[in-house]
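Let's take a walk through this structure together, one part at a time. Have the sequence and the 3D view at hand as we go.

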Amino acid sequence: MMTYDFDRDLIRSMPAMERFARSLTRNPAEADDLVQDCMERALRHREKFEQGTNLEAWLCTILKNVHYSKWTRKRRFGEVEVMDGEMASGPSQDHQVLLREVATAIDGLSEEHQRLIRIVAVNGDSYLEAADELGVSVGTVRSRLSRARNRLRTDCETPHRPPLARRTGLPMSARSAGYSEMAR
């Protein structure tokens with residue numbers, strides 16, 4: 001009877017993991033890091049693998065979970081790059097100032113508009129769900145939300161600064177998509 005060689009099968013699975021990692025990251029360097037983290041985690045938790053099951057599927061699950069954990073962490077904390085001993089990070093304070101301005105502008109809206117923004121933009125409810133909750137038609141939700149957004153844009157813009165949409169650093173199409181996402 002042959003004994004199972006976990007390490008041999010792990011090494012044989014690496015090309016498939018590299019392809020999967022590249023499809024997730026679209027970046028060869030990040031993909032290599034992801035595969036390395038996945039293999040390290042697989043070796044550390046080898047006793048959890050059930051012999052006779054699909055090793056590649058188990059590894060893909062680990063790789064996907066590591067990727068999403070890294071992606072979530074990157075979104076939450078930002079990214080810092082170290083080049084030649086110097087640290088460079090994104091201007092997180094700009095985003096904090098922008099969020100504070102938007103929060104202040106939302107506080108300046110009527111209670112009706114604040115509630116609608118909370119239902120649609122924060123809770124992520126659809127126009128139809130918002131209409132049901134508020135007891136109004138979908139058209140009314142759309143017009144109220146449009147007025148609320150226009151008021152927010154006006155309140156967040158000053159003559160000395162570019163409009164709120166231009167300060168996000170996104171291309172116009174992405175900014176427009178962001179506003180439509182906020183509306184859903």
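**A walk through the model**

Let's begin at the end of a helix: Gly124 comes after helix α5, and its phi is positive, near 80°.

The protein chain has a mean pLDDT of 79, with 74% of its residues at 70 or more. Among the elements of the chain, helix α2 (residues 28-44) has the highest mean pLDDT, 94, while helix α8 (residues 172-183) has the lowest, 40. Over residues 164-184 the pLDDT stays under 50, and for this stretch the model has 31 contacts beyond four places in sequence. Where pLDDT is low, predicted coordinates should not be read in detail.

Now turn to α2 and its partner α1. Two packed helices are described by the angle between their axes and the distance between those axes. For α1 and α2, the angle is about 145° and the axes lie 8 Å apart. The crossing of α1 past α2 is right-handed. If you colour the residues where they meet, α1 brings Phe6, Asp7, Leu10, Met14, Met17, Glu18, Ala21, Arg22, Leu24 and Thr25. From α2 come Pro28, Glu30, Ala31, Asp32, Leu34, Val35, Met39, Ala42 and Leu43. Sorted by class, this contact has 13 nonpolar, 1 polar and 5 charged residues.

Keep your eye on Phe6, which also takes us to the aromatic rings. How many aromatic pairs does a search of the whole structure find? There are 3. In one of them, the ring centres of Phe6 and Phe49 are 5.9 Å apart and the planes stand at 55°, so this pair is tilted. Phe6 belongs to helix α1 (residues 6-25), whereas Phe49 sits in the loop between α2 and α3 (55-77), so their pairing ties together parts that are 43 residues apart in sequence. Are these two residues buried or exposed? Both Phe6 and Phe49 are buried.

Phe49 has a second ring partner, Trp58. Here the centres are 5.3 Å apart and the planes are at 55°, so the pair of Phe49 and Trp58 is tilted. Trp58 is buried, and Phe49 is too. Put together, the ring pairs link Phe6, Phe49 and Trp58 into a cluster.

Technical notes
Residues are numbered from 1 along each chain as its sequence is written. This is a predicted model: local features need pLDDT of at least 70, side-chain atom pairs count only at pLDDT 80 or more; totals for chains, interfaces and linings use all residues. Side-chain values use heavy atoms; hydrogens and water are left out. pLDDT is the predictor's confidence in each residue, from 0 to 100. Helices (H or I, at least four residues) and strands (E, at least two) are DSSP runs, numbered from the N terminus. Contact means heavy atoms within 4.5 Å. Rings of Phe, Tyr and Trp (its six-membered ring) pair if their centres lie within 6.5 Å; planes under 30 degrees apart count as stacked, over 60 as edge-to-face and the rest as tilted. Buried means under 20% relative accessible area, exposed over 50%, partly exposed in between (1.4 Å probe, protein chains only). Axes are lines fitted to C-alpha atoms, for helices over the stretch in contact, and angles run from 0 to 180 degrees between N-to-C directions. A crossing is left-handed if the near helix is turned anticlockwise from the far one by less than a right angle, and right-handed if clockwise. Ala, Val, Leu, Ile, Met, Phe, Trp, Tyr, Cys and Pro count as nonpolar, Asp, Glu, Lys and Arg as charged, and the others, Gly among them, as polar.
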